[in-house]
Amino acid sequence: MGILEVKNVNKRFGGLQALGDVNLSVAENTCHAIIGPNGAGKSTLLNCLIGKLIPDTGSVMFDGQSVLGRKPHEINQMGISRVFQTPEIFGDLTVFENVMIPCFAKRDGAFRMHAIESVAAETDIVDQAESMLAEVNMLEKRDIVASSLSRGDKRRLEMAMCLSQTPKLLLLDEPTAGMARADTNNTIELLKQIKARRDITMCIIEHDMHVVFSLADRITVLAQGTPLVEDTPDKIKGHPKVREAYLGEAEV
Amino acid sequence: MTDQTQHTAAGPATTRARRKSQGVLGLRGRDITLMGIVLFLTLAAPFILNPFPATSGMAQFNAGYPDLMQRFVIFGIFAIGFNILFGLTGYLSFGHAAFLGVGSYSAVWMFKLLGYNIVPGLVLSVIVAGLFSLVIGYISLRRSGIYFSILTLAFAQMSFALAYSVLTPITNGETGLQVYTSDPQYLQSADAPSIPHLFGLEMRATETLRLGGWSFDLNFGYYVCAVVMVLAFYLAIRIFRSPFGMMLRAVKSNQQRMNYTGLNSRPYTLAAFVISGMYAGLAGGLMASMDPLAGAERMQWTASGEVVLMTILGGAGTLIGPVLGAGLIKYFENIFSKINDGVLHQWFAFMPDGIEDLLVGIVHPFVGKGWHLTLGLLFMLVVIFLPGGLVEGGQRIASVFRRDRKAGGAEARAAAKRNVE
């Protein structure tokens with residue numbers, strides 16, 4: 001029994017069957033990659049996990065509880081954090097404030113009326129945010145307005161924000177999309193460190209096979225909304241069905 | 001954004017020590033200066049606003065008379081509260097005048113039922129406006145952006161229509177609500193003044209100070225409003241610097257990320273809406289305390305629009321901006337509108353007749369009844385060239401001066417170097 005259990009999930013958009021009978025089981029403290037060609041339904045699946053979309057049928061269980069019908073913030077409070085394809089950060093706020101907000105969310109829940117005490121007086125949050133920024137090597141950028149960061153730094157910041165909630169499950173939607181090779185390698189290193197240091201389950205969607213094979217413990221290949229195969233990276237590499245789905249009939 | 005701690009190798013220990021120091025009344029760094037400025041400006045307003053001798057031709061630009069000064073600070077309170085919603089969360093309400101009106105009606109009802117002491121009136125105006133904004137906010141905040149603005153506008157216009165006609169027994173319709181001698185006033189003692197007062201001190205009590213040609217009006221009602229505004233401003237600073245204030249800015253910045261960070265943005269925005277509604281109610285209550293009348297026109301959409309203008313003109317999202325915006329608009333409304341053709345002819349009297357008439361003709365549309373035109377132009381200029389409002393203008397001027405000083409210093413050094421050589 002995995003920490004995340006997706007059973008028979010279907011999702012239609014009008015005439016398009018985006019997800020057809022998806023079954024997925026992600027074991028605790030592993031990194032599970034979901035790969036597949038464009039339009040395979042990877043992002044739709046992820047959106048169903050965080051409450052952005054509601055599947056037509058099927059069940060999604062996380063840590064023994066259903067996530068279906070819950071609001072995004074409730075699902076997050078259960079322990080699921082998500083890194084988006086284009087980094088979603090608080091662009092008008094400073095880097096430090098960006099990291100403090102999830103720390104507050106973790107400590108105080110979905111809403112707390114703390115309108116009089118000063119942010120600076122919340123020493124436990126300040127310390128947490130500082131050590132989190134130190135972990136992703138961004139401490140010297142703490143007072144920069146987040147929207148002026150480089151793409152790579154925005155990504156790192158977003159990961160820091162997700163990690164400062166100490167989630168049980170971290171969902172990553174193409175974390176290296178549009179990145180230069182050096183930035184991609186940095187991101188891989190960062191994710192490897194995170195995996196090594198924390199008890200965390202990761203579920204990653206990625207096009208870049210280099211990233212996938214460096215990180216994943218198991219891989220699910222999705223094609224046309226249905227899981228094609230699920231196996232270890234070594235087996236997936238040479239799998240004929242995968243080659244077909246990805247590359248058509250062409251030879252590599 | 002003030003008091004930024006530097007992180008050097010020896011950093012954490014020193015920053016922690018600084019973090020613990022609470023500053024003055026929970027304020028630190030530039031906020032203390034800001035608070036000091038506001039305190040000074042409000043206390044010294046009767047003097048600052050009357051810079052011209054009473055007998056001089058410039059006396060008409062004096063704004064230091066009680067009625068106008070009261071309006072400055074009352075609308076300052078209104079705008080400070082509005083800014084907590086609009087400046088922090090970005091939710092643009094076009095219906096805040098409804099809460100102002102509700103506050104005024106509540107206060108007048110307290111005068112009618114209990115007596116002329118303003119304390120019960122102010123308390124009730126805040127409570128009723130708070131409840132009213134809770135209902136309107138709960139419904140309006142289901143939508144965001146333009147739909148939210150339209151919903152609030154619709155509610156405010158409904159309130160206006162209700163106050164104007166349907167709810168006449170409560171609001172006295174188009175006559176406006178006022179206190180009659182037949183009203184019960186259960187707590188009004190025989191020796192208490194029969195105009196609004198604070199424990200016997202009348203709101204309209206004014207001490208006129210004459211110094212040479214100058215005269216300054218020290219009005220008790222103004223100082224009551226001023227003290228309330230200083231407190232309201234202090235509370236606003238605390239809210240801005242609190243985790244709650246940070247969450248409100250997060251709402252404005254990226255609501256999606258906020259929800260996926262486990263935070264429910266709805267109660268945060270609703271709380272901001274109610275707080276700003278209570279500020280508006282307080283302003284309405286004070287307005288009624290200065291002049292025990294409440295009319296439906298206080299709820300009209302133009303009044304809602306005015307507070308939007310004040311906030312944007314001064315600088316939305318800044319602390320002091322709304323106060324400056326409120327002051328500027330009220331100054332225009334009361335001073336510019338008084339400049340009529342007679343005054344203009346006086347000004348240009350030294351010119352030959354033809355030119356005098358021409359100049360008066362040119363200036364005429366911008367003053368007197370045309371003051372809205374000047375205000376409109378000013379608003380356009382500010383929005384186009386200073387999107388951060390007057391506060392941004394001030395910052396730019398300050399930075400120019402700073403650069404000049406640096407450049408001046410460099411030149412001096414260069415000159416000194418030349419001399420040595």
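## A parallel pair

Four bridges join strand 3 (residues 31-35) to strand 9 (residues 218-223) of chain A, and the two run parallel. Within this pair, I34(A) stands opposite T220(A) of strand 9. Helices (H or I, at least four residues) and strands (E, at least two) are DSSP runs, numbered from the N terminus. Two strands pair if DSSP finds at least two bridges between them.

This is a predicted model, where local features need pLDDT of at least 70 and side-chain atom pairs count only at pLDDT 80 or more. Residues are numbered from 1 along each chain as its sequence is written, and chains are lettered from A in the order in which they are written.

## The six-stranded sheet

In chain A, six strands form an open sheet in the order 6-7-8-3-9-10, with mixed pairing. Strand 6 (80-83) and strand 10 (226-231) of chain A stand at the edges with a single partner strand each, so one side of each is left without a neighbour in the sheet. Neighbouring strands of this sheet are turned by 20 degrees against each other on average, direction ignored.

## The four-stranded sheet

A second open sheet in chain A has four strands in the order 2-1-4-5, with antiparallel pairing. Its edge strands are strand 2 (16-26) and strand 5 (65-66) of chain A; each pairs on one side only.

Five bridges link strand 1 (residues 4-13) to strand 4 (residues 57-62) of chain A, and these run antiparallel. N10(A) has T57(A) in strand 4 as its bridge partner.

Note on methods: Side-chain values use heavy atoms; hydrogens and water are left out. Axes are lines fitted to C-alpha atoms, for helices over the stretch in contact, and angles run from 0 to 180 degrees between N-to-C directions.
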